[in-house]
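Visitor: I have a model open and would like to go through it. Could we start with the terms?

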Amino acid sequence: MTFEETLSIYVFIPLVKIVVIVLILSGAIAYLTLLERKIIAHIQVRLGPMRVGWHGLLQPIADGLKFLLKEDIVPSKSDALIFTLAPMISLIPAFVVFAVVPFGSPETLEGPLRWVLSWFLEAGSVETVVQNPIASGGFVTDINIAILFVLSVSSVGILGVILGGWASNSKYPLLGALRSSAQMVSYEVALGFSIIGVLLVAGSLSLVEIVQSQQESGLWYVFVQPVAFILFFICGMAETNRLPFDLPEAETELVGGFHTEYSGFRFSLFFLAEYANMITVSAVAVTLFLGGWLRPFPNVEWLGFLDVIPSVLWFLIKVFIILYVFIWIRGTLPRFRFDQLMEYGWKIFLPVALGNVIVSAGVLLL
Amino acid sequence: MEQATVLDTKVLEVNMGPQHPSTHGVLRVKLKLDGEKVVDADCVIGYLHRGVEKISENRSYINGVPYYDRTDYIAAVSNVYGYLLGVEKMMGIEVPERARHIRIMMTEFNRIASHLLWLATHAIDIGAMTVFLYCFREREEILKLFESLFGARLTTHAFRVAGLWKDLPAGFEQAVRDFINEFPHRVDEYEQLLTNNRIWLARTQGIGVISGEEAIDWGLSGPVLRGSGVDYDVRKARPYGGYEEFEFDVPLGENGDTYDRYVIRIEEMRQSCRIIQQVIDGLPDGPVRGKAPRTLKPAVGEYFSTIEGPRGELGYYIVSDGSVQPFRVRIRPPTFISLQALRRLVKGHLMADVIAIIGTLDIVLGEIDR
C-alpha cells in the first residue's frame, strides 16, 4: 500500500466522515426536538410550533439562538469548573458512540468514493482504497470490540448528569443526581445482559459483523431474541431518562432535577444530550436487533425490489421508527416512582435478562 | 457525645414551593427528607392572602359578591352561589324556579370544570402529560358557556341576589345539550389513559391512605371524605337550592387512597352531567329574577349556609348587625381544612408521593389564603 493510499484510507476519508456525521447529527438532534414537539402536540390535539418558519421548521434554530444569547450564570456557591464541564461530559459521549455505529453497508460509499478519488489518485490506488471497507463503508470505523465501546462511552455521559447535580451545590439537583446514579447503575446491568443474548447468537462484538450475521441468517435478531429486544428498549428508555423513567429531571417533583441550576447554553447542552442519547440508543437498537442497514427479510428474493432504497436510508427509517415510539410513549404514560423504578430494574428486568442469557446460551450449546 | 463520621447521614430539609411547578399555586411545604423518604412536612401558607373576609366587612351585601369569585377562582360559580344562598336565607328572599334550576346547572358545570382542572394537574404531576391537554379542551367548552351567560370566563360573578343577571342567551340550551352528549365519551378517553394504567395504579393505590373515622376527625369533606367511604354529600344530606328535585348518585370509595379519590372525582363528573341533563330537559319557563329590596338590611343575627363545592363542604358564616354591611363573614374553605391533613398523609411516603397527595387534596391557594 502506498503512502497516499494509507493516508486517504485512515486519515482523510474518516476525517470527512466524522465531520459529516457530527454535522448531520447536530442537525438531527435539533430537529428531533421539533419532531417531538410536533408529534406530542398532535397526540394532544394541538398544533405545536407554527410561528417560526413553515409549520415551525425554523423553531430549533430560533431556540438555539435564544439559548446562546442568554446570560451565562454560574451559581456563586457551585463548583465552577465541574459545573462548566458537566454539560460537555454529558453531550460529547453521545456523539462519540457514532464512531462505531454502522449507518450503511461496507459498500455504501463505493460509487461516490471512486468518482471523488479519481481526481486525486491513480486508477490503481483508487481501486485499493475503494476495496477497503474502512474507506467505503457507511461507518467511521469498525473495531472488534465495538459494543463494549458503546457501553463504556455511553456510561461516561451519565457522569455528566451526576457531576452537574453535585456541582450545583443545591438540594433539588442533588436529589436528581442521586436518583440518576442509582437509576443508571441498575438499568445498565440489565441493558448489558440483554445485549449478551445478541452477542451469543452473532458470535462477534463488532457492530458491522453483527449486522452481517443477521444478513447471513436472513433474520433480524428481534425475531431471534425478542425478550432481549424488549429489555433493551425499556432499559434504553431508562438510560436516556425518558418518560416513564425521567426521574432525574422529573420537573413536577424536583423542579428540574439535576439541571435546576443550569440556564442558557449550558442547559441546552444537557437538553441536547438527552436527545442525542435517544438517537444513540435507537441506532444501537436498530443495529443489534433490527438488522441495521438491511432491508426487511434480507434473504427473500422476491423482495429484491426493496434494494432500490439505499442501505443508509433503511437504517435511518428504522431509527426514526424507534424514535417515534420513544416520543409516543412520552405522550401516553405517567411517570414511575423512584422505588418502583428500582424494583422493576432489579427484581424484574435483571432476572429476566439473566434468564434470557442462560436460555439462549443453552439453546446454542445444543 | 457521638463522634460524627463521614458516613453519618442527616435529614435534608427541602423547601417545596412557593415557586414549585406542582404545589398548585403558592403553597410552600417544608419537607424533611431522609433520602427520598418524607420524615416531616410543614405547610407555610399565606402567600396569596388578600383579606377577602375583612374587605367584605366594608362592602354592602351586594357589593361583596364579586370578591367571592376570587377566593376559589377555579370554582367561582360555587363560591358565589354559597354566599348568595346565605344572604337569601338571611333576607328570606324567594328565588324563582327557573333561576334555581339554572343556578344548579351552572354550579354543576363549574364542578365539572373544577374536576377537569384537578384531573389535568393531578395527571401532569404524576407525569401523564396528554391528559392535561385533553382536560383543558373540555374545560374550554365550559368556560365558553360561562362567557356566553355570565360575560366572563374565570371570575364570573355568576349570580345575583334573588336570581340571575339575565336569562339564558339564544342557543345556550343547544350548546349545553351538545356538551353533555359528548362529554361522557371524553371522560372515557381519560379513563382509557389512566384508570387501568399499571403505572398510574402503582402511583396512586395505597398512597395517602386515611380511614373514614380519621377523615371525619380531621374535618375533611367532599371527595376526600367520600374516598374514605363516608357517605356525606351536602347536596344529599342537607339539600339546598332545589337539589332534592334531581336524581344523582354519590360515589363512595373503600380504601381512602389517592386512587379511590381519583375514581370518585371521575364519577362525580358523570353524575354532574346527569344532573345537567335533568335540568335542561325539565327547565321551567318564567322569570329568572325574584323580588328583592334595593338595599339589603338583614335582621341582627348569625347565619350559616353551606353547599357542596367541588372540593368539599363550602360554608359561609355571616353575622349581621342590622346594617347594610355584614359585621363578619367567615368562609369555611374546604381545602384549607383538608390541607391540614397533608402532614398526616405524607409522613413515611416518598418525595414523589407528596406531589400526588397534594394533587389528590385538590387544593386551591386562593381559597386557602383568601
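Guide: Two residues are in contact if their C-beta atoms, placed from the backbone, lie within 7 Å. This is a predicted model, in which local features need pLDDT of at least 70, side-chain atom pairs count only at pLDDT 80 or more, and totals for chains, interfaces and linings use all residues. Residues are numbered from 1 along each chain as its sequence is written, while chains are lettered from A and ligands numbered from 1 in the order in which they are written.

Visitor: How many residues does the contact take from chain B and from chain A?

Guide: Chain B gives 26 residues to the contact and chain A gives 21.

Visitor: Which elements of chain B each supply at least two residues of the side that touches chain A?

Guide: They are strand 1 (12–16), helix 4 (97–125), helix 5 (129–150), helix 7 (198–204) and helix 14 (351–361) of chain B. Helices (H or I, at least four residues) and strands (E, at least two) are DSSP runs, numbered from the N terminus.

Visitor: And how do the residues on that side of chain B divide?

Guide: There are 17 nonpolar, 5 polar and 4 charged residues on the side of chain B that touches chain A. Ala, Val, Leu, Ile, Met, Phe, Trp, Tyr, Cys and Pro count as nonpolar, Asp, Glu, Lys and Arg as charged, and the others, Gly among them, as polar.

Visitor: Staying with chain B, what joins strand 1 to strand 2?

Guide: Strand 1 and strand 2 of chain B run antiparallel and are joined by 5 bridges; strands pair if DSSP finds at least two bridges between them. Glu13(B) has Lys32(B) in strand 2 of chain B as its bridge partner.

Visitor: What about strand 2 and strand 3 of chain B?

Guide: Strand 2 of chain B and strand 3 (residues 37–44) of chain B are also antiparallel, with 7 bridges. Val29(B) has Cys43(B) in strand 3 of chain B as its bridge partner. The two strands form a hairpin with 2 residues between them, and Gly35(B) in the turn has a positive phi of about 70°.

Visitor: Changing topic, where is confidence lowest and where is it highest in chain A?

Guide: The lowest confidence in chain A is in helix 12 (residues 251–254), at a mean of 64, and the highest is in helix 2, at 87. The average pLDDT (the predictor's confidence in each residue, from 0 to 100) of chain A is 82, and 97% of the residues score at least 70.
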